[in-house]
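Trainee: I'd like to learn how to read a model like this one. Can you walk me through it?

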Amino acid sequence: MSVAFVPDWLKGKAEVNQETIQRLLEENDQLIRCIVEYQNKGRANECVQYQHVLHRNLIYLATIADANPTNASKAME
């Protein structure tokens, strides 16, 4: 299960740290590879579930980045 799927009772309580972000990035890498593999095999319908998880992860990462604009600018320097 994706680390972006957090139960309601845990929302806002989990600490977002570099390890969590790295795990999400690695998961996204695997999801993209899986999506490409299914598409190359002509099985586009099977990759829809992976696309949904990837989308949710990307939205979660974007939300984190938007909430910490100073950290993003420091990383680019």
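Mentor: Ground rules before we start. Residues are numbered from 1 along each chain as its sequence is written. This is a predicted model, where local features need pLDDT of at least 70 and side-chain atom pairs count only at pLDDT 80 or more, while totals for chains, interfaces and linings use all residues; side-chain values use heavy atoms, with hydrogens and water left out.

Trainee: Where is confidence highest, and where is it lowest?

Mentor: pLDDT is the predictor's confidence in each residue, from 0 to 100. Where it is low, the predicted coordinates should not be read in detail. Here the protein averages 81, and 73% of the residues score at least 70. Helix 1 comes out highest at 94, and helix 3 (residues 69-76) lowest at a mean of 59.

Trainee: How many helices and strands are there?

Mentor: Both are DSSP runs numbered from the N terminus: helices are H or I with at least four residues, strands are E with at least two. This protein has three helices and zero strands, in the order α-α-α.

Trainee: What span does helix 1 reach?

Mentor: The expected span is 1.5 Å times one less than the number of residues. Helix 1 (residues 18-40) has 23 residues and reaches 33 Å from first C-alpha to last, close to the expected 33 Å. Just after helix 1, Gly-42 takes a positive phi of about 75°.

Trainee: Which residues of helix 1 are buried?

Mentor: Buried means under 20% relative accessible area, exposed over 50%, partly exposed in between (1.4 Å probe, protein chains only). The buried set in helix 1 includes Leu-24, Asn-28, Leu-31 and Ile-35, and the buried residues of helix 1 pack against helix 2 (48-67).

Trainee: Why does Asn-28 count as buried?

Mentor: Because its relative accessibility is 5%. A contact is heavy atoms within 4.5 Å; leaving aside neighbours within four places in sequence, Asn-28 is in contact with Leu-54, Asn-57, Leu-58 and Leu-61.

Trainee: How many salt bridges does a search of the whole structure find?

Mentor: Side chains of opposite charge can pair when their charged atoms come close. The cut-off is a side-chain nitrogen of Lys or Arg within 4 Å of a carboxyl oxygen of Asp or Glu. The search finds three. One of them joins Asp-29 to Arg-33, with the closest N and O atoms 3.0 Å apart. Those two are four residues apart in helix 1, so about one helical turn separates them. Asp-29 is partly exposed at 34%, whereas Arg-33 is exposed at 53%.
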